[in-house]
Number of protein chains: 2
Amino acid sequence: MDESLRVIYKIQKEISTLSSIARLLEWDENTNMPSKAVSAKSEQIKLIQKMRRKKLVSTKLYSAMSTLKKKKLSSKDQIVLRELEKSVHKAKKIPKQLMIELSDASVLGLSAWKRARKKNDFKLFERELERIVKLKRKQAKLLNPKLKPYDSLISLYEEGMDSEKLTVIFDELKLGLVKILGKIKDSKKYKVQKSLKVKMTIEDQKLILNEIISDMGINQERVALGVSLHPFTIGISKDDVRITTRYVNPLESFFGAVHEAGHALYSLGLPTEYHDTFVFKSASMGLDESQSLFWENKIAKSEIFWKGFFNKYKSCMKNNISRKEFYEAVNSVKPSFIRVNADEVTYCLHIILRFEIERDLINGSLDVKDVRDEWNRKCKELLGITPKSDNEGVLQDIHWAGGDFGYFPSYAIGAIYSAQIYNTIKKKIPDFYSDVRSQYFEDILSWLRKKIHNKGKTALADDIVKAACGKRLDPKAFITYLEDKYSKIYGF
Amino acid sequence: MDESLRVIYKIQKEISTLSSIARLLEWDENTNMPSKAVSAKSEQIKLIQKMRRKKLVSTKLYSAMSTLKKKKLSSKDQIVLRELEKSVHKAKKIPKQLMIELSDASVLGLSAWKRARKKNDFKLFERELERIVKLKRKQAKLLNPKLKPYDSLISLYEEGMDSEKLTVIFDELKLGLVKILGKIKDSKKYKVQKSLKVKMTIEDQKLILNEIISDMGINQERVALGVSLHPFTIGISKDDVRITTRYVNPLESFFGAVHEAGHALYSLGLPTEYHDTFVFKSASMGLDESQSLFWENKIAKSEIFWKGFFNKYKSCMKNNISRKEFYEAVNSVKPSFIRVNADEVTYCLHIILRFEIERDLINGSLDVKDVRDEWNRKCKELLGITPKSDNEGVLQDIHWAGGDFGYFPSYAIGAIYSAQIYNTIKKKIPDFYSDVRSQYFEDILSWLRKKIHNKGKTALADDIVKAACGKRLDPKAFITYLEDKYSKIYGF
């Protein structure tokens, strides 16, 4: 092997191992770690990040990369080099000092956010949010001075996307969602719908949850399941993915586990020939989210799935309820304040609200002091309700306090992609409906593996979706899917 | 602060953080990790060890240490420097190449040991054991060419001890134990004793186990409990200790958890002023083991403890049994083949057997090919029984296969120290018996904290015990304690 190639693969492997350790530390922090260990944990994570950065910006790596740029490379090596360069440049563009400032600001931001939530008062968070916004603008400018600052931040999560494209797409989506929501709210069923509280022992919750994720193709040899306050998935290394859930509400633990298992399948399906390189990751956060939403909403919340699965679920449940009532209850739509509890129809309206606010905030046309009013105004406009307090409005999400700007759009992108994938897959797999009904997911999974998972970061998410489904990000499929599903449930 | 001091504290902190990460990786490997991730995990651990070693042998650290040796230091800094130097010298004396050879030999050793166990044939493990023994001799010579090789290895676990001292002490112990065992075997009760199989749900096992370790002073804010095949305790950082247990046999999960909690209390009581230095650790493996054995055998297996705790335990147990029957059953003595299942009287005989064999093996007076026969001969001599197969004899322990020679004596040292501590503590704490009866452990724990835990590695274990209990390692207290306890149980 060429010496420069050997160098870049060796360093990438070390970086990849350090990253896998950092992710394990993060998983541990959210699952098993005793609460008082929080500062020691942050020392551990900081040290690993420091070592990882040092390797990433090392002269040795840089000069090997420069040598390789003049050489003829295999297409695999070209892709590896391309993704490596992106990461190196990203790291080199942000000086250590700014990284420290960003990290300090997010620590202060999170603690101010917690204080503000305790008092239910956004004012107590404003000063720290101001500082974070300024630093994020600075980071954005350094990353790419040619872009609008918010676009730089979007590209950290969703390479190739920008706010102009997203504004057009989200405007179309908004229109469609508001229209469907209006029809639902006007229906007779909406007026009489009741919420369902499933009763099930924790043991039975574990049983049924393990059954469904195992049907999906989750294998205990490569996936571990933990408990955390907020469910999440984290890929540690090629054969080591961790999913968490919590056992508070049986419906939440079930659909939550399906959601996280969707993420996990993406991790497990990444292209092993690119292991220990920057290509061995999901193409974007939005595409990653499309996988979880596909399994959660398009599969596990579909009528056909419950035709096959309801009797089994019912044997664990202590409620006396028909399949139809159950299916309608798990898909009931109602505007509410809290994003994480939102249904499939209103969820993206929550995201669009955040997208518009953070876009204007980072680009400079909205001031921090006006964010609360803007939130409440948009909430009324999009969802028809006005938060009675900051905790059920502008203070509900942790993202901004931790410095995560530009991430929210990925949730809506995931919802749209998942509908595009659903529309395609049901045409491509002849037995799709009977497969879902009988929890036979092998053909569905192998399609996803081939068309999505196995691409890793060899291409942009939007190009992967175009190749798989025929179109780039396009809200029409999602709107049609929702209209189709909810017109049947609400009878409009 | 003096610049050289600043350097050594800074580097020690980084080494300490890397060590804490390595321990967390080890904990994860044995608790949550999915099985297929084993090679990725070994990459993670190897990388952290490599980085840790690099810092430990760095010129920067070495020259700061050299500068400090010429300066007047506070007594705290002197102690820190002394322990740091030991670790640096240990690392410098073993060349990287030998470290790699040792690590490779232990990987091969472990896999040969597993194969040999499958076939129940020591012969299949002989060649790899031979290689390990040679490398351990080499390591021992490099560590200290003036010592007998086995003594070098002992000092890795039990600084200040050597095989000459231990041979004298263990000979005395052997005599005492064999005598007590003889009396037990001659008693009427021995002939009619039956084993007890406690029936208890896993939920109840968890409940009662959490109650007892919380009474001991284990606090969920600083200690997490996990599940693993073999129970163990690992101190990650100052406020982060992990205990594991398993829920196979209720008595084992209960006493096992008390044992591990004893280790954990030692970790939690280390001197915080020495945090992030090489002084922030237990004084020796034997002293560490004394803490677990004190709580397990001297407290939780005492008659007075069950006078106070039996009714609570009985309410969880599905067996119908009197307190006296229960107490005698959990303390029943019977020679058996497997060390980890042995009772308090025969346990140290298992250790002495291993000590004599590994001493002679490393020092060269015993050949690997004769180890099996020697094992079986000694087993007959000490315990009166002869293994019918290698799996219940020479192949039962993992230690030698992994290269751990010199570690076994610490188990017996712990048993002896724990009796010395027990003898002292019951005199020093006026309400000792009523405290134990009512599971009020605060005074006992604060004595242990003050006299043992809080010393960390500021002194040798034997000096700490001398200061706390008036005598250095001395088997008499242990023999008297056993005679006293078991003469009452077996009526001799």
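In the predicted model examined here, helix α8 (residues 163-186) of chain B packs against helix α16 (residues 371-383) of chain B at an angle of about 60 degrees, with the axes 9 Å apart. Axes are lines fitted to C-alpha atoms, for helices over the stretch in contact, and angles run from 0 to 180 degrees between N-to-C directions. Helices (H or I, at least four residues) and strands (E, at least two) are DSSP runs, numbered from the N terminus. Lys174(B), Val178(B), Leu181(B) and Lys185(B) of α8(B) meet Glu381(B), Leu382(B) and Leu383(B) of α16(B), where contact means heavy atoms within 4.5 Å. By class, this helix pair brings together four nonpolar, no polar and three charged residues. In this scheme Ala, Val, Leu, Ile, Met, Phe, Trp, Tyr, Cys and Pro count as nonpolar, Asp, Glu, Lys and Arg as charged, and the others, Gly among them, as polar.

Residues are numbered from 1 along each chain as its sequence is written, and chains are lettered from A and ligands numbered from 1 in the order in which they are written. Local features need pLDDT of at least 70, side-chain atom pairs count only at pLDDT 80 or more, and totals for chains, interfaces and linings use all residues, while side-chain values use heavy atoms, with hydrogens and water left out.

The interface between the chains comes next. Chain B contributes 36 residues to the contact and chain A contributes 35 residues. About 2700 Å² is buried between chain B and chain A, with 63% of that area given by carbon and sulfur atoms; buried area is the accessible area (1.4 Å probe) that two parts lose on being put together, summed over both. Pro34(B), Lys36(B) and Gln44(B) supply 19% of the area that chain B buries against chain A, more than any other three residues.

Eight salt bridges are found between chain B and chain A, a salt bridge being a side-chain nitrogen of Lys or Arg within 4 Å of a carboxyl oxygen of Asp or Glu. One of them joins Glu14(A) to Lys50(B), with the closest N and O atoms 3.1 Å apart. On the side of chain B that touches chain A, two or more residues each come from α1 (3-31), α2 (38-56), β1 (223-227), β2 (233-237) and β3 (240-245) of chain B. The most come from α1(B), which gives ten residues. That side of chain B divides into 16 nonpolar, seven polar and 13 charged residues.

Over all chains, a search of the whole structure finds 96 salt bridges. Among them, Glu356(A) pairs with Lys174(A), the closest N and O atoms being 2.8 Å apart. Glu356(A) lies in helix α15 (residues 347-363) of chain A and Lys174(A) in helix α8 (residues 163-186) of chain A, so the pair ties together parts that are 182 residues apart in sequence.

Turning to the sheets, chain A holds an open sheet of three strands in the order β1-β3-β2, with mixed pairing. Two strands pair if DSSP finds at least two bridges between them. Because β1 (223-227) and β2 (233-237) of chain A stand at the edges, each with a single partner strand, one side of each is left without a neighbour in the sheet. The twist averages 25 degrees from one strand to the next. Helix α1 (residues 3-31) of chain A packs on this sheet and touches β1, β2 and β3 of chain A, its direction making about 140 degrees with that of β2(A). Five bridges pair β1(A) with strand β3 (residues 240-245) of chain A in the parallel sense, and Gly226(A) stands opposite Thr244(A) in β3(A). By contrast, β2(A) and β3(A) run antiparallel, joined by four bridges, with Ser237(A) opposite Asp240(A) in β3(A). These two strands, β2(A) and β3(A), form a hairpin with two residues between them.

In chain B, an open sheet of three strands likewise has the order β1-β3-β2, with mixed pairing. Here β1(B) and β3(B) pair in the parallel sense over five bridges, and Val223(B) has Val241(B) in β3(B) as its bridge partner.
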